[in-house]
Amino acid sequence: MTRLHFFRNLRTAILLLMVCTVVAAVGGLWWANATGLPEEWRQRIEHELAKQGLNVSVASLSYQPFHGGLVATEIRIFSDESCTRQISRVERVAIDFDKSRLARGELKLTKFEIKDGRLDLPVDPANPNGEMLEASHVNATIAMPGGRVLELRDANGQVEGIDVAVTARILGYRPALSSQADDDPNRKARLEILKRCLDEARNWKFDDKERPKISIAIDGDFADRSTLHGRVKFNATNVERGGHTLQKVSADAEWTGTLLTVTSLKASDRRGELEGRVDYDLVGREGRFGLSSGLDVPRLLRSWFGVSSIRDVTFAGEQRVEGNGTFKLVDDGPPEVKVTGSTACKALMIRGVAFDSFASDFSWSKGNLFMRDIKVMRRDGQLTGKMLLQDKYIRVAMRTNFPFAVARPFFVGQPFGRVLNDFAENDHTKLDANLEFGWDLENPMSWVVSGHGKVENCTYRGTPFLLAETDLDLSHSQLDFQNGSVIFDYRNYALQHAHDGARTGALKVRQVRYDSDADTVAISNVDGNFWPAPLVRMFARGIAEDLEQYRFHQPPNLQCSGLVDTVGKGRTDLKIAFKTNAPANYEFIGKDLLLESPSANVRIQNEKVVVDNLAFRTFGGPVAGTITRMPGREAGLSGEFSWTKLSFNDVGALYGFDPKGGGLLTGRLEFTCGTNGVEHLNGRGLIGLEKGELFSVPIFGPLSPLISGILGGRVGFQKATGAFCTFTIRDGVMRTNDFRTGTSSLAFSGDARIDLDKVTLDMTMRMNARGLLGVLTLPLRPFYGLFQFHGSGPLKNPEWRNVMFTSPPEDQKDALMNPPKATIIQEPERLEKR
């Protein structure tokens, strides 16, 4: 019994001891966790970590068997042994150690664990108070299996909204990890890359449902940083910046020593995809790259990198850019980039003009862009050329056959734009231009153009031509066309139809210069066979209408030089010389004259037109003269003519009377005339008739039957074949007081008034006779031999009657009172034999 009671008491005592032990252990653990493990434990852990090259400071240490065992809180990690440069901070870490060694009194750390923690990382370890990266929801296992090996397993968390996963296996020891950051030659380069990436990534907006992912794997020996090797993978969807979204972005990169290589870079947007590769030397801060892109490049550059879009250019179709190049990072400035490649796009619009495609090879270096093998296509033409952008100045060399409609929007509001607007195209128009452009991007009015242009089947300011080509040198203020030639199209020209004239005319011109500041066109050395009015219409329409009065049957040979005032300030001075073997028509005193082989010099000074050295044949004889035309004045037309041996019959036929006796006219006329008709004609002159039969002439015809009656028909053998008079014209009325004619036996003198507008005659003729006619008049002394007649009425058929003789004017007395003596008149046949 006693023995049984003893065992019961012993069992109770053991149970109580166990309970007390457990309570004491729990209490001790609670006390230890509440007050922290002894300082010696923290020091030993910090010492063990320092053996692995990790300089840390542990604020408190506790043992939590249900939470991983030994737990350290507020851990700070430093880059130096003096623990002055903090590189990271962790709130809570579970620590594992080798328990077999612990039994022997040795503390050997084997593993760290971070669960759902937060990690603060300074961007620049040398500046712990600077910019920090905050990693949240951090889970990681850091294993130290032995030796210098340090492993990071299953590390993940969120940094700047990006899911980050890291694995690492590295070798390290204290001197390597605790060395001063300044001893690392690549530190600055790595920080620069990191800063650029962070700054760029912070401008991105990510998909809320699917965050971007970065996975990082690192291995190597910290004792020899050239052995360090890292691999990075990045994937993201719907990455947006500045309103432009990349639907997918992915990258694979490797880092070995000082070389960073992006082995694969891919991105896509609604327009296309991008593939690229980048190599970067951390020490030299330079690298190279290659890419092939179908992205919407202009929108991407504008939204992501702040590169301004090309003004007035819209891309609507597929785009392609391929290139290879190098880059170098520099302090206080953008990277220095050099790249060569090619670009192509479809369906683009420039200043409202649509183009089907654009393609070019290019090179870019230090802000200078050179594009070669440029090819721009439309259904109605193409452009090829090259371009250089250097220091904000663009130079372009190109050849194009685009129609004028393509060029017009580029010169709106400029003088050359007005020239382009004056061209009217048709279905057969062709253009070929080989040009060089240049302009300053900061001064849109600084453009200059030079080269050669050719246009076929077109119209300029109403003047059609089959071909026009010229060298040109253009700017905002001057348009200079040199060594030009034009073939005019006269198939629809009124003069060509009226006279079955030539269907084309050709000219050559040394220079035509338009000065927009002076508003003048200077024309130099125009020469060719062409009608003048269509040419001048290209520069001055008002003057062209004045020239239309010279109606050449065929294009004359013309030479032209001078200045045309385009705004009517009174500076026009245009000189034209013409000659032709073909006839021309010209309206004179209300009638249309036919001019044979005309030639003249024409000078146009504003509204004044002077025709000098005018020479032609009309009515069978030569005519020379000068004409001055001044529209708007009362006497708008003035001039002088001299003529020799014109057919009197032809003159009468044109001006409405019947010169039955014919004859040849020689004379001179100075005149002024209004623009409203012959009733405003004024002038003076002289005229002579030879080889005519005055008595058959309508003006003198009634004398013949009267004289024939008196002389019994013998007067027919004494014909008045010549006459002479001077005359004046006032308001369309012609007057003469010294009309003289006669035969061997008769003397005639008279005065007349002829209304050129009404074509009527009022004339008094006096006759002094000798011989038989004088004998018959003896009873009439002192007026023997003197007769007087008066004629009036229409010039075609005036009425003549005998009237009482009156004393003649003083300027007629001598010719009348001293008639020629009677001579024997020989028959024409005998004269011819002699």
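Glu 322 and Arg 320 pair up through their side chains in a salt bridge, 3.9 Å from N to O; the term covers a side-chain nitrogen of Lys or Arg within 4 Å of a carboxyl oxygen of Asp or Glu. Keep in mind that this is a predicted model, where local features need pLDDT of at least 70, side-chain atom pairs count only at pLDDT 80 or more, and totals for chains, interfaces and linings use all residues. Residues are numbered from 1 along each chain as its sequence is written, and side-chain values use heavy atoms, with hydrogens and water left out.

Glu 322 counts as partly exposed at 38% relative accessibility, and Arg 320 does too at 33%. Here buried means under 20% relative accessible area, exposed over 50%, and partly exposed in between (1.4 Å probe, protein chains only). The structure holds 23 salt bridges. In another, Arg 491 meets Asp 489 at 2.7 Å, N to O; Arg 491 is partly exposed at 42%, whereas Asp 489 is buried at 12%.

Now look at Asp 573 and Arg 603, whose closest N and O atoms in their salt bridge are 2.7 Å apart. This pair ties together distant parts of the chain, with Asp 573 in strand E30 and Arg 603 in strand E32 (residues 591–605), 30 residues apart. Strands (E, at least two residues) and helices (H or I, at least four) are DSSP runs, numbered from the N terminus. There's also a salt-bridge network, linking Glu 640, Arg 668, Glu 670 and Arg 684.

Thr 580 is buried, with a relative accessible area of 11%. A polar atom of its side chain lies 3.0 Å from the backbone nitrogen of Ala 582. Not counting residues up to four places away in sequence, Thr 580 touches Phe 552, Pro 556, Ser 597 and Pro 598, contact meaning heavy atoms within 4.5 Å.

What about the nonpolar side? Nonpolar side chains tend to be buried together in soluble globular proteins. The largest nonpolar core has 121 residues, of which Leu 547, Ile 576 and Phe 641 touch the most other members. Such a core is a set of buried Ala, Val, Leu, Ile, Met, Phe, Trp, Tyr and Cys residues joined through side-chain atoms within 4.5 Å. Beyond four places in sequence, Ile 576 has contacts including Val 536, Leu 547 and Ile 604. Apart from this core lies another, of 16 residues, among them Ala 155 and Leu 295.

Key. A polar contact is a pair of N or O atoms within 3.5 Å; within protein, one must be able to donate a hydrogen and the other to accept it, and residues adjacent in sequence count only if both atoms are side-chain atoms.
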